[in-house]
Amino acid sequence: MMKGNNQKQADFLAAALAKADPARLHHLHMVQSVLALPDHLAAFARGIANRLDSVFARPQSRRLAELVASGSLKIGATHTCLELYARMLADLTPRVALVVADKADRHGNLYTGPNTEDTPTIVEAAAFTGGVVVAQINEIVDHLPWVDIPGDWVDVVVQSSAHCAIEPLFTRDPAEIREDKILMAMMAIAAVYEPYEIRRLNRGICYATAGIELILPTFGAARGLKATHFVLDPHPTLIPAIEAGFVEGVYCFGYELGMERCISERADIFPIGPDGHLRSNRAWAQVAGQYACDLFVGATLQIDAQGNSSTATKGRIAGFGGAPNMGADTRGRRHASPAWLRAGQQAGDRTRGRELVVQTVDTRQPDGTPSFVERLDAVDLAASAGFALPPVMSCGDDVTHVITEQGVANLLLCRSAAEREGALCAIAGDTDFGKAQSPDMTSDPRARGIVMRPSDLGIDVKDATRELLAAQTIDDLVICSGDLYASPANSVHMRSRSQAWQGQLSQQEIEMTTNVVEIPAAAVDQLSRAKTLAKSLLSQRGEASGAAIARELHGVLRRLAVDDRRNFQQFLATDFAPDATVVRSAAETYLSAPSAEAAALLAQATDPPRQELLRRMNTAPGGTNALVAMRKEVASRLRDEPVLRLLDSDLMHLFASWFNRGFLELRRIDWQSPAAVLEKLIAYEAVHEIHGWDDLRRRLAPDRRCFAFFHPALPGDPVIFVEVALVEGLAGAVQPLLVQDSDDDAARNRASRADTAIFYSISNCQDGLRGISFGNFLIKQVVEELKNELPHLTRFSTLSPVPGFRRWLTKRAAATDDPAIALLARTETGVGWLDTATSDHSLERRIMRACATYLTRRVSAEDRADPVARFHLGNGARLERINWLGNTAPRGIQESFGIMVNYLYDIETIESNHEAFVNDGTVMRSADVDTLLAAEHISVPN
């Protein structure tokens with residue numbers, strides 16, 4: 001019988017099993033990857049189960065040992081992950097598999113979500129040997145993003161009342177990384193990563209290995225490290241290395257809470273499905289970690305004289321997980337790599353290479369217990385629990401390097417057991433093991449490179465400070481991710497579960513095995529702290545310290561309540577004005593003796609300190625994104641809080657510079673683009689709503705194009721995008737362009753015959769950037785792109801709405817006695833409108849003539865131009881054609897009686913059209929529009 005996975009748990013089924021009647025259900029043999037929940041052991045305590053084969057039980061390790069000692073539970077074996085998966089297909093085949101998935105459809109097909117882990121392996125082992133598969137799921141849906149487990153393999157689907165339990169197992173708070181861990185991380189890079197040219201690796205869960213990731217963008221960059229492939233869960237501490245370009249790819253065992261958006265934005269790094277979610281697989285990742293990686297870096301609690309390491313402690317039966325698989329030399333490997341070959345050569349083996357297995361360990365644990373011992377606790381544990389062998393995590397003959405805060409022992413170069421023991425003694429510090437007389441060695445171990453002190457590696461111990469960490473707190477990780485990472489520390493539920501786990505573990509075990517993220521204690525007054533940081537940031541002269549203050553300020557602002565954030569924005573708007581005395585003095589100087597120098601001094605005096613503060617806030621990772629979000633909030637309150645207009649104006653001024661055309665990158669978006677980007681098209685489309693993935697696919701078909709501007713400060717998030725249809729002739733109606741058609745061959749055929757590109761939708765994506773002009777650059781550059789790609793295109797036109805027409809007509813009717821205008825303004829567009837509009841040609845002519853007048857009239861401050869017309873005419877387009885019933889959607893009819901307009905972009909006349917409109921308001925138009933304007937005035941019918 002099997003239930004549970006690793007991070008996600010079939011908690012509903014586990015609870016149900018624990019409540020079963022032992023008189024009817026008993027003597028079960030449980031084959032289970034992870035014992036994580038109290039209910040997992042309740043079944044043994046109540047006599048429902050009595051035999052266990054498992055992998056890992058750290059959260060329940062003490063309780064497990066107690067049940068074994070009492071005779072309530074007998075352990076068949078404690079396995080590594082791959083061992084257990086293999087035995088499930090051989091002699092431990094489950095008769096009943098209790099598993100968990102995210103969703104099921106009406107046919108019983110399962111979608112596991114990003115936490116696939118070992119679920120397919122478990123199900124397959126049971127389903128094809130006559131077993132029963134019971135799946136706990138979060139929800140039942142009509143359509144799955146994809147099928148992980150076919151419904152034919154599943155016997156029973158149970159929807160639980162709450163989502164299944166998922167633990168953030170791999171989150172390490174950078175704030176907990178001490179200087180000794182940073183020093184070990186530096187030595188790992190200098191002694192292993194750099195000389196062996198590591199390009200593929202797996203690492204364990206500990207602060208030392210998290211420290212390695214966090215100094216890759218700093219110390220690693222200085223040592224010239226290159227991008228690496230990781231077989232790893234999506235650890236949050238990997239975010240800075242990803243953003244700095246040190247990660248080429250990550251294949252994942254499972255998933256990590258809070259990393260959803262980080263993963264979906266980086267399809268170039270993570271394996272992502274069509275729904276934008278991670279695809280993980282614990283079994284395949286175990287194989288990849290064993291056969292595809294050159295290096296495993298882990299941590300341990302104890303090491304003996306020959307390098308055998310263990311995380312077992314007295315009174316606990318913890319298990320292994322996958323570390324023994326990946327932290328072992330794989331003798332079946334046959335492909336070569338520089339790291340593998342060099343390790344084999346150093347070991348003295350010319351027939352094969354070696355996998356590098358590095359163990360990091362403090363010479364003493366936090367409670368003072370020595371980590372280097374003559375006899376592992378695992379030996380005594382095996383005797384008391386009746387194990388055939390001690391539960392050794394990594395065998396000494398597999399370990400190639402051991403790193404402590406004292407130095408590095410390269411065991412590959414040791415040629416005897418005495419040399420191995422001597423090398424370990426040399427880095428064991430002031431422990432009894434380290435003080436013991438080392439066995440004779442043939443030569444100085446440092447001269448041979450067996451032992452390397454920090455100085456031997458070019459490392460000054462004084463440089464091992466937290467300043468090397470690319471992120472020093474969880475907040476820093478959030479900022480570095482551009483606010484994509486959502487720390488599980490912000491979940492009270494996660495905090496309580498984490499504390500419950502930690503209450504069962506020793507301090508050293510917490511560091512090794514569980515999530516240690518804590519919610520920061522609330523400051524006495526976070527708003528006051530934010531104001532103090534802002535003032536400090538403006539007075540700060542050092543670039544590095546200024547960036548650190550900016551980073552902290554953004555972290556505080558994210559935690560502020562809505563009212564406090566509003567208070568801070570008002571503080572920015574009112575407390576950072578130019579010094580009136582300085583401005584007056586500079587003005588008097590200029591008036592008394594005008595000069596270029598005096599004008600420059602006056603401009604400098606009037607430049608508000610607020611702008612400089614905003615510039616400095618922008619230096620923090622994710623600063624631009626945070627300021628754009630701030631302006632979105634500010635702009636939404638300008639009408640009610642006019643005091644914010646100065647802050648809004650300064651943000652606009654800075655954004656106009658930061659988001660100028662030179663920083664924008666034009667990208668074509670197609671069906672192969674990352675799912676996260678495609679989801680944003682659906683969310684941001686502002687003109688013609690995209691109704692799901694099928695509709696989006698039609699808009700990205702071979703006879704369609706979509707282009708967007710991206711900015712490096714907003715990675716993966718478009719600033720503005722345009723949708724284009726390739727057609728024959730001018731399109732006069734938008735509905736035919738939106739009809740779904742799944743025939744790609746027909747679409748390609750249409751594209752080959754097309755002579756016109758119709759720009760039918762332009763959507764600004766960032767509310768915080770409203771008022772910054774992007775569309776004029778976008779359309780002109782897309783025209784050039786299309787001309788280069790499709791030389792047979794001869795016309796480039798929009799199909800645009802006229803959003804201000806109906807309002808203008810109503811306003812004009814109130815100001816004139818013209819009965820025709822009054823009648824048009826009162827025209828009903830409710831039920832039956834389309835029938836009337838189609839049959840009443842007189843009505844059509846009257847409204848069309850009025851619309852032509854609206855679009856070509858001389859505008860004024862009181863009678864403004866249509867916003868869409870102003871944009872395209874100011875961009876150099878020509879008013880080409882006005883189309884009756886071009887948009888029959890309710891919004892189109894309400895705004896403009898369904899009228900849509902073609903604005904033609906003619907490369908030869910764009911500049912002259914632009915000059916005519918900007919200089920004197922002349923609307924360049926076609927003969928068709930002139931014909932409408934010249935039409936005979938139509939009287940009102942009786």
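Okay, let's start with helix α22, residues 580–592, and helix α23, residues 596–606: they pack at an angle of about 160°, with their axes 9 Å apart. That makes α22 roughly antiparallel to α23, where angles under 35 degrees count as roughly parallel, over 145 as roughly antiparallel, 65 to 115 as roughly perpendicular and the rest as oblique. The axes here are lines fitted to C-alpha atoms, for helices over the stretch in contact, and the angles run from 0 to 180 degrees between N-to-C directions. Helices are DSSP runs of H or I with at least four residues, strands are runs of E with at least two, and the numbering goes from the N terminus.

A quick word on the source. This is a predicted model, where local features need pLDDT of at least 70 and side-chain atom pairs count only at pLDDT 80 or more, while totals for chains, interfaces and linings use all residues. Residues are numbered from 1 along each chain as its sequence is written, and side-chain values use heavy atoms, with hydrogens and water left out.

Back to our pair. α22 and α23 cross in the left-handed sense, meaning the near helix is turned anticlockwise from the far one by less than a right angle; clockwise would be right-handed. Who touches whom? On the α22 side we have Val-582, Val-583, Ala-586, Ala-587 and Tyr-590, and they meet Ala-598, Ala-599, Leu-601, Leu-602, Ala-605 and Thr-606 in α23, contact being heavy atoms within 4.5 Å. Sort those residues and you get ten nonpolar, one polar and no charged. For that sorting, Ala, Val, Leu, Ile, Met, Phe, Trp, Tyr, Cys and Pro are nonpolar, Asp, Glu, Lys and Arg are charged, and the others, Gly among them, are polar.

Next, α6, residues 179–193, against α7. Their axes are 8 Å apart and the angle is about 70°, so these two helices are roughly perpendicular to each other. This time the crossing is right-handed. Among the α6 residues in the contact are Ile-182, Ala-185 and Ile-189, and among those in α7 are Ile-212, Ile-215 and Phe-219. The contact of α6 with α7 divides into twelve nonpolar, two polar and one charged.

One more helix pair: α4, residues 81–88, and α10, residues 282–291, have axes that come within 10 Å and cross at roughly 125°. That makes α4 oblique to α10. Their crossing is left-handed. From α4, Cys-81, Leu-82 and Tyr-85 reach a set in α10 that includes Arg-282 and Val-287.

Two strands pair if DSSP finds at least two bridges between them.

Let's walk in from β13. Four bridges join it to β12, in parallel, and His-229 stands opposite Gly-249 in β13. β12, residues 228–231, also runs parallel to β11, residues 200–203, with two bridges between them. The chain gets from β11 to β12 through α7, residues 207–222, in a right-handed β-α-β crossover. Right-handed here means that, with the strands pointing away from the viewer, the path from the first strand over the helix to the second runs clockwise.

Keep an eye on Leu-201: its bridge partner in β12 is Phe-230, and Leu-201 also stands opposite Leu-295 in β14. β11 and β14, residues 295–299, pair in the parallel sense over three bridges.
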